[in-house]
Amino acid sequence: TATAMNGTLNDIFVAAVIRGISLYHGFHGVPVDGLRVLMPVNVRATGDPEGGNHFVPARFIVPTPPDTEECVREVQRITGSWKNAPGLALSELLAIGLDKVPDPVVTAMWGSMLKGVDFCITNIPGPTFETYLAGARVERMYAFAPPSGAAVNVSLVTSADRVCIGIVVDSAAVPDSPQLATCLADGFEEVFRLGCMHDEQRP
């Protein structure tokens, strides 16, 4: 789907979640024009060690057009601009500095940032090869990231060309999590169907 849409796996993932949450709001009769997203942006540079975290949090608003293709294009435009934003390098320096600040201060700053966020989304690249634990092949890897003040956090982990998605919700904000899961599945179905249409049109 990502190849057919000339995008990345992350573009497709974010667009599918946006469509799913939009459908959830529509189900409750509360349509939205945009959603506030918090997403870690990878700032790992060539030559950086493989271990450790090399990301900074990016917060932005994504429009929620009812047309699936328009939604994907909007996501590609916004995430593409963030990947090349000159402020990311400064953000990483600030993140390094925050590592030296006492935990209560960091927690307060992070919490204040999340107050204006509708949901968090995380894409975690896993091993590209098969992995084993005590001789048994690991078939699935899931990440369940805390909402941290947002209504929901959706995490994607890829492992050996398999995709696993974990959803964590704040039950006070999302009292019917099965309905949200259904809407998210519908959002992914919309995006996958669109990708299949583009794939069929490719020469």
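**View 1. The side chains of Glu 190 and Arg 19 are joined by a polar contact of 2.7 Å.** A polar contact here is a pair of N or O atoms within 3.5 Å; within protein, one must be able to donate a hydrogen and the other to accept it, and residues adjacent in sequence count only if both atoms are side-chain atoms. This is a predicted model, where local features need pLDDT of at least 70 and side-chain atom pairs count only at pLDDT 80 or more, while totals for chains, interfaces and linings use all residues. Residues are numbered from 1 along each chain as its sequence is written, and side-chain values use heavy atoms, with hydrogens and water left out. Glu 190 sits in helix 5; helices (H or I, at least four residues) and strands (E, at least two) are DSSP runs, numbered from the N terminus. With a relative accessibility of 18%, Glu 190 counts as buried (buried is under 20% relative accessible area, exposed over 50%, partly exposed in between, using a 1.4 Å probe and protein chains only). Setting aside its neighbours within four places in sequence, Glu 190 is in contact (heavy atoms within 4.5 Å) with Arg 19, Leu 23 and Thr 68.

**View 2. Phe 13, Phe 188 and Phe 192 are linked into a cluster by ring pairs.** Rings of Phe, Tyr and Trp (its six-membered ring) pair if their centres lie within 6.5 Å; planes under 30 degrees apart count as stacked, over 60 as edge-to-face and the rest as tilted. Phe 188 and Phe 192 are both in helix 5 (residues 177–201), 4 residues apart, or about one turn of the helix. Phe 188 is buried, at 11% relative accessibility, while Phe 192 is partly exposed at 38%.

**View 3. Tyr 142 and Phe 144 bring their rings together as a pair.** Searching the whole structure turns up 3 aromatic pairs. In this one, the ring centres of Tyr 142 and Phe 144 are 6.2 Å apart and the planes sit at 20 degrees, so the pair is stacked. For Phe 188 and Phe 192, the centres are 5.9 Å apart and the planes at 50 degrees, so that pair is tilted. Tyr 142 is partly exposed, with a relative accessible area of 48%; Phe 144, at 56%, is exposed.

**View 4. Strand 6 and strand 7 form a hairpin with 2 residues between the strands.** Strand 6 (residues 152–159) and strand 7 (residues 162–169) run antiparallel, joined by 8 bridges; two strands pair if DSSP finds at least two bridges between them. Ser 159 stands opposite Arg 162 in strand 7. In the hairpin, Ala 160 takes a positive phi near 50 degrees.
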